[in-house]
Each structure stands twice: as structure tokens, then as C-alpha cells.
Amino acid sequence: MWLLEIKCKHKCLFQLFSVIIFGCISSQGWKLDAGKKRHLCLYNEDANACNYGVGISVIAFLASMGLLVGEYLFEQMSSVKTRKHFVLGDLGFSAFWAFLYFVGFWYLASQWGKSEPPPNGVGVNNVQAAIAFSFFSIFAWAGSAYFAYQRFRQGAGAAFATNYENEAGMPSSYPSYPGGPETDTPYQEPPFSAGPNQRGQTDFQAPTY
């Protein structure tokens with residue numbers, strides 16, 4: 001349970017960073033050009049820089065909400081394939097978004113270094129905060145990708161075990177029926193077996209007549 005709380009707090013951290021970046025750029029990341037009657041981006045008047053920062057932050061916010069819901073529902077996923085797909089999706093998206101935030105940090109910092117100071121310094125703190133939290137987001141999403149990779153490495157272990165296999169009260173083997181022949185091999189279903197109809201060398205064989 002404590003591990004789930006850590007993962008959920010991690011996902012909530014994504015939402016906080018994305019809201020800060022989105023809010024900083026949207027609120028004071030633009031200045032009004034009185035002569036041309038249009039808004040110019042404070043990042044060297046490059047509208048693509050502002051749009052890029054806002055775009056990846058909005059998508060990151062929505063994706064973190066989806067991943068947060070997936071973490072709550074993970075223990076209820078009885079299908080092994082569903083769990084694997086969720087973990088692989090978390091791994092791939094987190095790694096890709098860490099890369100996009102790296103590009104965004106470099107892009108915004110580069111354009112801000114070429115920019116002229118805005119009049120009266122309006123918006124300076126906001127654009128600098130967006131750059132700073134873009135940098136923090138790189139490590140946050142990279143950490144999420146690392147945790148997802150560690151979970152995926154567990155394979156058929158606890159992370160992908162079904163709820164039925166995780167129940168402590170369920171017996172792992174079944175004795176032979178009373179009066180029947182004794183067997184040294186108890187029944188135990190492996191997590192990735194073909195099913196209960198799978199036959200082995202010690203299974204019951206119909207007698208020949």
C-alpha cells in the first residue's frame with residue numbers, strides 16, 4: 001500500500017509541474033506589440049517556444065491523470081496482459097516525455113538567452129520559472145520510466161501475478177482425494193501456463209481396454 005502511495009504522489013508531482021509551466025507561460029509569457037497589435041512570445045518573440053511549452057505541459061497533465069487512475073486500478077487487473085500493457089505504456093510514455101522536456105528545457109533556455117528584457121521586467125519571473133520546472137520535469141519523468149522498468153523486470157513475479165495468486169489464504173496445492181492413489185506431485189498452476197487442461201507426465205492417463 002505504501003508503494004502505491006509513493007507512485008501516486010509521484011504522478012501528482014507531474015501534475016503540479018505541468019500546471020506551473022502551463023500557467024507561467026499562459027499568464028505572462030506573452031507581451032503586446034502595440035504597433036502591430038498582436039501578442040509576442042517573451043522567448044525571443046518565438047511563438048513556437050511558448051506553444052511548445054504549453055503543449056507538452058497540457059498533455060503531460062492529462063497523461064499523468066490517466067496514469068494515476070491506472071495505478072489505483074492496477075491491483076484489480078486480473079489479466080496478466082493488461083498489467084504488462086499498462087507498465088509498458090507507463091515506461092514508454094514516461095521515457096518519451098522526459099526526452100520532450102529535455103528538448104523543451106533546452107529550447108526555452110536558448111530562446112530566453114537571446115531575448116531582450118521585457119518592459120518593466122513584466123513576465124521575467126514567469127518565463128524563468130517555466131524553464132526551471134521544465135528542467136525538474138526531466139528527472140521526474142525519467143524517474144517514472146525507471147520505476148516502470150523495474151516493475152517490468154519483475155516479469156511473472158508479484159507485479160504481474162493475478163489477484164487469485166496473491167491471496168494469502170489460497171492453498172498452493174491440493175491433496176489427493178480420500179481413498180485415491182497418492183501422488184508426489186501436487187497440483188499447482190504456474191502463472192503463465194496454458195491453463196488447467198494442460199497435461200504433464202504425471203497427469204492421469206485413461207486406461208486402455
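**The cysteines and a pair of helices**

Modeller: With a relative accessibility of 12%, Cys24 counts as buried, a word used here for a relative accessible area under 20%, while exposed means over 50% and partly exposed lies in between, with a 1.4 Å probe and protein chains only. Please keep in mind that this is a predicted model, in which local features need pLDDT of at least 70 and side-chain atom pairs count only at pLDDT 80 or more, whereas totals for chains, interfaces and linings use all residues. Residues are numbered from 1 along each chain as its sequence is written, and side-chain values use heavy atoms, with hydrogens and water left out.

Cys12, at a relative accessible area of 38%, is partly exposed. Cys41 is buried at 1% relative accessibility, and Cys50 is buried at 0%. These last two residues, Cys41 and Cys50, are joined by a disulfide with an S to S distance of 1.9 Å, where a disulfide is taken as a pair of cysteine sulfur atoms within 2.5 Å. By that rule the count comes to 1 disulfide. The link of Cys41 and Cys50 is right-handed, with 80 degrees about the S-S bond.

Turning to the helices, which are DSSP runs of H or I with at least four residues, numbered from the N terminus, Asp90 lies in helix 3, residues 80–113, and Ala140 lies in helix 4, residues 124–153. Asp90 counts as buried because its relative accessibility is 4%, and Ala140 counts as buried at 7%. Contact means heavy atoms within 4.5 Å; leaving aside neighbours within four places in sequence, Asp90 is in contact with Lys11, Leu67, Glu71, Ser144 and Ala148. Not counting residues up to four places away in sequence, Ala140 touches His10, Phe14 and Phe17. Ala140 and Lys11 are 129 residues apart in sequence, and their C-alpha atoms are 9.0 Å apart in space.

Helix 3 and helix 4 pack at an angle of about 155 degrees, with their axes 8 Å apart, the axes being lines fitted to C-alpha atoms over the stretch in contact and the angles running from 0 to 180 degrees between N-to-C directions. The two helices, helix 3 and helix 4, are therefore roughly antiparallel to each other, a description kept for angles over 145 degrees.

How values were computed. Angles under 35 degrees count as roughly parallel, over 145 as roughly antiparallel, 65 to 115 as roughly perpendicular and the rest as oblique.
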